[in-house]
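Hi,

Here's the structure I promised to pass on to you. Have a look at it first, and then read my notes below.

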Amino acid sequence: MLTMLFDALLGLGLVVAALGALWSRDLFRAVVLFIVFGLLVALAWIRLQAPDVALAEAAIGAGLTGALLLDAIGHLRRTPHPEES
Amino acid sequence: MNRARAYASVALSVGMAVMLGSAVLTREFPPFDLAVDLAEGIPRSGVAHPITAVLLQFRSYDTLLEIAVLLVAVVVALALRDPTPADESSPESVILDSVINTPVLTSLTMTLLPLMTMTAVYLLWAGAFQPGGAFQAGAVLAALGVLWRVSGRRTGPFAANRWSHVALLAGFAGFLAAATTTLLFGRPLLAWPSSYAGVIIVAIETVLTVSIGISLLGLFASAPAPGDERV
Amino acid sequence: MSAELWYALVGVVLVAAAFGAFMAHTHLLRRLLAFNIMGTGCFLILVGLAQHKRAPDPIPQALVLTGIVVAVASTALALILFRRWFAATGRTTLPEEDDV
Amino acid sequence: MTEAFVGASLLPLAIVVPLVWAVLALVRPRRRPTFLVLPGLVSWVTICAGLWWYTSRLGVLTHVLGAWPEPLGIALRADGLGSTMALLTSVIGSACALYRLWTPIDADASEAQRWFWPLFFMLGAALNAVWLAADLFNMYVGLELLGLSAVGLVAISGRANALAAALRYLFAALLGSLAYLLGVALLYAAYGSLALSSLAALAAPDTITYVALALITAGLCLKTALFPLHAWLPPAHGVSLTPVSALLSALVVKASFVMLLRIMVGVGVTIISPSLAQGLGALGAGAIVWGGWQALRHAELKMLVAHSTVAQLGYLFVGMALLLSGSAPELAWDGLMLQLVAHALAKSAMFLASGTLIAAVGSSRVTDLSGVSRHMPLALFAFGLSGVSLMGLPPSGGFSAKWLLLQSALASGQWHWAVALIGGGALTAGYVFRVLSASFKQGTGDKFDRTPLGWDLVSLLLAAGAIVVGVVATGPLAVLRIGAPVAGVTP
């Protein structure tokens, strides 16, 4: 019962985080939500009994991709081309 | 975002959801289970952990091509930042721009450095019989490198020097050599004799870990920085 | 409903939402986010559906590991091109496509 | 060592050898590593020629990688189509490599072009990996390797418009391969296998299979630039370095098409409805008309040639429609195969010749070609010769291909395709003569730059190949029928 509740909440959380990452007005917030999304997916992989994928997702999917995207946004913000928030 | 575009987006989403959802919900049970073949193959694979066995035995060719994909991404990264000889006097300035130099982060990195290195080694070793392996270990190494770089070190592991170049190529080149050598003995590509398979796989995973770490870090570190407008 | 099927369905919703966003956005970073979320949804479908009413299947899990590395390589490549493009033109979208 | 073993060992070598040269070229990336590249080309062509010869003698060759039999492991498989495409890849690849080696080093050229060679060999390995693949997921990895190296090659010319083209190409490629991967995920869930051979035996007409095939088709059509999903192609093929344009148009877009062909004919043939196949053919006909029309009115020479690729790819989809829904699939198969081969040769020749003309005139506009006929007769002749094959005049390979497709359409009573096939030929004649007539106009000035003789030579050889394939079509066609998954086709 408890695990079912956990699954339900996690699934919901995944969709909410994804929608936030996809449609948030602020690009920085979108990327942060994407990293949150990656960490939540790692939990989902553990529930799917895939600890290897969970490890890779947390390190690469959330961590490295997140770092790359944050770095790119920082680059956009520092450069004097005020095109996009 | 104009209204028409938003409606079109919703329509595309709904269409995709209906299509995929109907496929997922009507799926019948598959006629056979590959897991049975897999369980029979594991004892001959030289590793105990099934995922590692799939990645470096049953579908090792996929992994070989995948490392090539990673290498191509790094090559393009290098090509597009490529410092011309004239620029080599100040390669650090490119990096320093993306640095967030804070004392907390610096001391954190110093603490994490041994810890993460140990984690990477552990993951690599564990991959033989439980979750872990070259990719996870390589990712931890790369994360370490990213921290190292972000905390303001100039001599990062991906300073464009000869050693990082060697480490970058070693994984793919070593894997390719190990894959091809079997042909000389009249065996198929990647068909390592089962008595040596365990050793060979550990060796490949070790070089791959370093190469994957360096490649992932290279993708991070060689992104062109602001002010670098040579196009 | 098994947990596996549930996560496969979550994957369906993720792919669908991200596909719509991919087509709607012109900002290349937003498209890249959508691509990554779509990929993750695809991986959830691959593993979840294969394991539905079955023991954990290492094969799709290994495929997903491969897929994650390919995805990060593609993302990094896209970001490098994007930053070059931005440095050269100051644009965050492709030519002929208006800003959002 | 048995003959069969030697033949089967050539399969992995056709992929490994270019990979080895990619590594060698990476050790110290240089702009013109002639003495590194030449042995690589020779061994590559030798291996692929050997593979083709063994396939023609022994039939379909299989190499079980790691000695793990399918479906647990992965196999490489060389049927007639696979080994012919591998041979073609090594030959056209070598021609483009020679063109590149003969290119004078421009001091202003971007340093990024030092990385041409590793990417070039990776591209060659990826192409061979796709031609010889027999596993759905392995095809995905091969296609990604191909896509990323192709995007890299477009990007390294370094100018801003090349970056835009590379980005557009990359995003289309990413979306396309993700759609493909989704389809593969569904097929694995439905059948528990990724090997094409086992899926062919299992495929059933249920919802999940249809959705999977729809996703795979959509994704691969995007990657093949089927009209109306073609918008990414002309800029990417138009702005690249000339040998890169040639490789992309001649071979790279065909990779996703061959995958689609293998899946449609192997897995889908019994469950695809004829109307669906007709739909794909209709898009192909649309491509023939739209691509031809755009080529007729485009101001820049390389963009004209790139639009011609959009049009010529349309013939492939018309051929696929005839293969899946016509009553003469064996004729459609032959026509399709010849179109693949003849277009690859003709289009690479045309791009290389165009690059030569542009370099001589110093302008990429068609109207600036006036007077070039007297100064660049060889390049112009190569252009015209490849044009003969593209528009389908006898005795070229393009003629035989279109003639076979036409016969297949008439035998099936599908007259509408005949209209598209003949109309497409007229449009092609239009844009080829547009270039030729511009070149034969009296020039205003006589300032033409000298170009290397080697450039003319490779484009002439490729164009001659496109003609010769038509003359000796029966030989290659017999090989191309080996292992063909079509009823009534026997070698």
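Let's start with how the chains meet. Five pairs of chains touch, and chains B and D have the most contacts among them. Keep in mind that this is a predicted model. Chain A and chain D, on the other hand, have no contact with each other: their closest C-alpha atoms are 15 Å apart.

I then looked at chain D against chain C. This contact involves 36 residues of chain C and 27 residues of chain D. Together the two chains bury about 2,700 Å², and 88% of that is on carbon and sulfur atoms. On the chain D side, Leu167(D), Phe171(D) and Tyr188(D) provide 22% of the area buried against chain C, more than any other three residues.

Now over to chain A. Phe28(A), Val32(A), Val36(A) and Leu70(A) make a nonpolar surface patch of about 270 Å². Helix α2 of chain A (residues 27–47) contributes the most to the patch, with three residues. Val36(A) sits in this helix. Its relative accessibility is 37%, so Val36(A) counts as partly exposed.

Cheers

Note on methods:
Residues are numbered from 1 along each chain as its sequence is written. Chains are lettered from A and ligands numbered from 1 in the order in which they are written. This is a predicted model: local features need pLDDT of at least 70, side-chain atom pairs count only at pLDDT 80 or more; totals for chains, interfaces and linings use all residues. Side-chain values use heavy atoms; hydrogens and water are left out. Patches are made of residues with over 30% relative accessible area and no salt bridge: like charges are joined within 9 Å, nonpolar side chains (Val, Leu, Ile, Met, Phe, Trp, Tyr) within 5 Å. Accessible areas come from the Shrake-Rupley method with a 1.4 Å probe; for residues, only the protein chains shown count as cover. A salt bridge is a side-chain nitrogen of Lys or Arg within 4 Å of a carboxyl oxygen of Asp or Glu. Helices (H or I, at least four residues) and strands (E, at least two) are DSSP runs, numbered from the N terminus. Buried means under 20% relative accessible area, exposed over 50%, partly exposed in between (1.4 Å probe, protein chains only). Contact means heavy atoms within 4.5 Å. Buried area is the accessible area (1.4 Å probe) that two parts lose on being put together, summed over both.
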